[in-house]
Amino acid sequence: MNLRIFILLFLIQVGIMNGQKRIRDYGIYIGVLKTGKFNAITDVEGVSVGHETLVEGDNIRTGVTAILPHTGNIFQSKVPAAIYIGNGFGKLAGYSQVKELGNIETPIILTNTLSVPAASEALISYTLDLSGNEDVRSVNSVVGETNDGWLNDIRGRHVQQEHVLSAIRNASSGPVKEGNVGAGTGTICFGYKGGIGTSSRVLPKSLGGFTVGVLVQTNFGGVLEINGAPVGKELNTYPYRDKILNDADGSCMIVIMTDAPLDARNLERLAKRGMMGLAKTGGIASNGSGDYVIAVSTNEAVRIVHTSDRRFNTMELLRNDEMSPLFLAAIEATEEAILNSLFMASTMTGRDGHQIEALPLDEVLPILKKYR
């Protein structure tokens, strides 16, 4: 492949060919830490992401996003993990075992609310069919969701096992498609078109050199802020403005991956910071919002083998005193991932003719300039 073709494919991948740019492309830099090469969750070595997007006819606007912490047999080589519940109005599957044992044994799937059972079935099938899992009798599938029922015929339950398996098979490293793709196809954020967004941060070597990557599925409300500027207020679009409480409801799934050697306890502490990143964008985790943060360590040294002759786990873990830079990285990457989901989304018309406009950048950019 020559260089010109490679560059063209890369631009298509990140959405620029459609006139969409990520927030950094406008010279807006969130936080102080450096990003990874792709400014994506896939900057964490070994992590891959796959989408399956369903846009059919006038009413189907949904999909699946798969996040794999490594490319091996995840059931046999489990990853330390934690799930933090910001607000529990959601249908996330697999929480109790992750809370009890502190690990995840399947890819993480994001989809719509009524497709969680189909996604769980697909993860079970995927796991049972892997070589080496012939004797497996129990699988704890982890599936997160948001409700895309305004734009999508959610009652039709159009996501099937084959779509989930396709997203897993299509998972790759490198640039991650954002906006109206996968599980973000039919979502709404701050009253505008939301979707999938991602970002990363890399700590300097003096602070460990670890990478933190975040991927979000945005479908929530609040009063939008961008890098501290009161955009929602300036645009006069925020909940309670017309005393319509439901404008604030929705959900956000946040997935944090890091190569730092952390156990479930410190991963839960890291996950909590994802909610701080959401808050920095103006999200309020309303009564009807399901806001969950899944945090995973991909570090090979802390993986948990399914079976072992050894009685004890022996591993080196990062000290509590070393966590603060990771907290900052998670907050910054979550904030930017949410904003990328908005900047990369495009106007969509769906179920019953409902239309959700993309973030009006022609109005937003002057606001950002006003507030410097």
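How many disulfides does the count come to in this structure? The count comes to zero. The model discussed here is predicted.

**Cysteines**

A disulfide is a covalent bond that joins the sulfur atoms of two cysteines. To be counted as one, a pair of cysteine sulfur atoms must lie within 2.5 Å. For Cys-189, the closest cysteine sulfur belongs to Cys-252 and is 6.9 Å away, which is too far for a bond. Seen from Cys-252, the closest cysteine sulfur is that of Cys-189, again at 6.9 Å and too far for a bond. Cys-189 has a relative accessibility of 0%, so this residue counts as buried. Cys-252 also counts as buried, because its relative accessibility is 0%.

**Packing of α3 and α4**

Two packed helices are described by the angle between their axes and by the distance between those axes. Helix α3 covers residues 116-129 and helix α4 covers residues 161-169; they pack at an angle of about 55°, and their axes are 8 Å apart. The crossing of α3 past α4 is right-handed.

Which residues make the contact? On the α3 side they are Ala-118, Ala-119, Glu-121, Ala-122, Leu-123, Ser-125 and Tyr-126. On the α4 side they are Gln-161, Val-164, Leu-165 and Ile-168. By class, the residues of this contact comprise eight nonpolar, two polar and one charged.

Most residues other than glycine have a negative phi. Asn-227 is not a glycine, yet its phi is positive, at about 55°. Asn-227 sits in the loop that runs between β10 (211-219) and α5 (231-235). Arg-372, likewise not a glycine, has a positive phi of about 55°. Arg-372 lies in the segment after α8 (361-370).

Arg-372 counts as exposed, because its relative accessibility is 90%.

| Residue | Relative accessibility | Class |
|---|---|---|
| Cys-189 | 0% | buried |
| Cys-252 | 0% | buried |
| Arg-372 | 90% | exposed |

Technical notes. Residues numbered from 1 in each chain as written. Predicted model: local features only at pLDDT ≥ 70, side-chain atom pairs only at ≥ 80, totals over all residues. Heavy atoms only, no water. Axes fitted to C-alpha atoms, helices over the stretch in contact; angles between N-to-C directions. Helix = DSSP H or I, 4+ residues; strand = E, 2+ residues; numbered from the N terminus. Left-handed = near helix turned anticlockwise from the far one by under 90°. Contact = heavy atoms within 4.5 Å. Nonpolar A, V, L, I, M, F, W, Y, C, P; charged D, E, K, R; others polar. Buried < 20%, exposed > 50% of the residue type's maximum accessible area, 1.4 Å probe, protein only.
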